[in-house]
Amino acid sequence: MTKHKSMPAEASAIAIEMDREPLLAPNTEVDSLHLQFERENRRCLRHFVVLAAILLIIFAVSARLGRYPLALSEIFRFIGERIQGVERSQSALKPEVYTVLLNIRLPRLLVCLMVGTALSVAGSAFQSIFNNPMVSPDVLGASSGAGLFAAMGILLGLPRASLILCSFIGGLLSILVVLSISRYLRFEPLLSLILTGMIVNSLFSACLSLLKYIADPNNELPAITYWLMGSFSGVSRKDVGFVFWPVLIGTGIIIAYRWRLNLLSLGSDSAKSLGIHLKRDRAIILMAATLLTAASVSVAGMISWVGLVIPHFAKIYVGADHRRAIPAAALMGAAFLLLVDDLARLLSTGEIPLGVLTAFVGAPIFLYLIFTEGRR
């Protein structure tokens, strides 16, 4: 009798468990996607740790190299004393070590790091907005505008601080002219920007050639030519503060908008259907990218190939997703320009212009990328 009564209870328990089983069974498709997402995040984190470590190593080695070589222990002691607030008169370092690091080498390396970051991030933004891998940061004439105003400053005999300010104003003015003229064209918006940028770039380049023609061939012309080829030779501590805020603001805006760049790269119709405000978002990103370009040209002159090549390497390393590619491009660009600046300082008794070295390094690399992508 007891056995007969217990059977229904057992059956009901089994039935309940059978009813519960589908509810408790894991969704294998969702779990696999979750595991894949976590695996991708871990892989991306490893990539960024490697890039950050490489950048720190290059920065430390670059701080050690130069006409006055320094030991790593002296560099670390200097950094420790600055963090602790030790006065220069109380420092255990030699006076010449303190002077070289504080006034010459560290300002130069910091500006070099920021310019490499700025050009790479601006290049990534321009290539995404125009949906063209061949676009560089000077597509809207920011570099030619900054170079023209810098040449005008040299002809007027302005000091370096005023020269940097003039160059910065010229870069921003060029983008304002491009945006203003492109409004009245009835082409597709991106095509209007490219055409207007080509016109403004050509006009500013012609004006720059005219200034070089009338410049004094003994003093002014060599200064203009050397400026246009790019160099960090005259960088000071004031330049660090001047470049820091434009680079921070421009990079911050583009990183904040990096998920929108994924949608903008799909094309105008697709981005609009996904809720993107095309004109507003493009204008904000373009202004931020031009701010980065103008700040870089104003302090270092025209440095080519960085904004064109580095974004491609970032996408190869971490993928085409701009949420990862843009921070990776920032780290890669900073490390690359530090290496190029080391070569510029060490390969010759006089400094080699950066534009020459980046062309020698960037052109073969970009040719390799074209061949590999063409075969794919």
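**Note on a helical model and its pockets**

1. The second largest pocket holds about 330 Å³ of space. A volume is the space filled by probe spheres set on the points, which are joined across faces, edges and corners. The lining has 21 residues; S136, D138, S143, I303 and S304 lie nearest the centre. Lining residues have an atom within 4 Å of a point.

2. Basis of the note. This is a predicted model, in which local features need pLDDT of at least 70 and side-chain atom pairs count only at pLDDT 80 or more, while totals for chains, interfaces and linings use all residues. Residues are numbered from 1 along each chain as its sequence is written, and side-chain values use heavy atoms, with hydrogens and water left out.

3. Overall build. The protein has 15 helices and zero strands. Both are DSSP runs numbered from the N terminus: helices are H or I with at least four residues, strands E with at least two. Of the 376 residues, 42% count as buried. Buried means under 20% relative accessible area, exposed over 50%, and partly exposed in between, with a 1.4 Å probe and protein chains only. Contact means heavy atoms within 4.5 Å. Among contacts with a separation of 6 or more, 75% join residues 24 or more positions apart.

4. More on the second largest pocket. α4 (95-129), α5 (142-155), α7, α12 and α13 (306-318) each give at least two lining residues. By class, this lining has ten nonpolar, ten polar and one charged residues. Ala, Val, Leu, Ile, Met, Phe, Trp, Tyr, Cys and Pro count as nonpolar, Asp, Glu, Lys and Arg as charged, and the others, Gly among them, as polar.

5. The largest pocket. Its volume is about 490 Å³. It is lined by 17 residues, with S182, R183, P189, L193 and K279 nearest its centre. At least two lining residues come from each of α6 (160-182), α7 (189-214), α11 (268-273) and α12 (278-300). The largest share, five residues, is from α12. Five charged residues line this pocket, with eight nonpolar and four polar ones.

6. The core. The largest nonpolar core has 91 residues; V115, F126, F130, L140, F232, I254 and I303 touch the most other members. α4 supplies the largest share of this core, 18 residues. Such a core is a set of buried Ala, Val, Leu, Ile, Met, Phe, Trp, Tyr and Cys residues joined through side-chain atoms within 4.5 Å. In soluble globular proteins, nonpolar side chains tend to be buried together. Beyond neighbours within four places in sequence, I303 contacts V115, L119, G230, F232, L337, L354 and T358.

7. W305. This residue sits in the loop between α12 and α13. W305 has a positive phi of about 75 degrees, yet is not a glycine. It counts as partly exposed because its relative accessibility is 27%.

8. R260 is in helix α10 (residues 258-264). It counts as buried because its relative accessible area is 19%. Leaving out residues up to four places away in sequence, R260 touches I276 and D281. T225 belongs to helix α8 (residues 220-229) and is partly exposed, at 30% relative accessibility. T225 and G147 stand 78 residues apart in sequence and 10.0 Å apart in space, C-alpha to C-alpha.

Methods: 1 Å grid on protein atoms, 1.4 Å probe; cavity = no way out; pocket = protein on both sides within 12 Å on 5 of 7 lines; lining within 4 Å.
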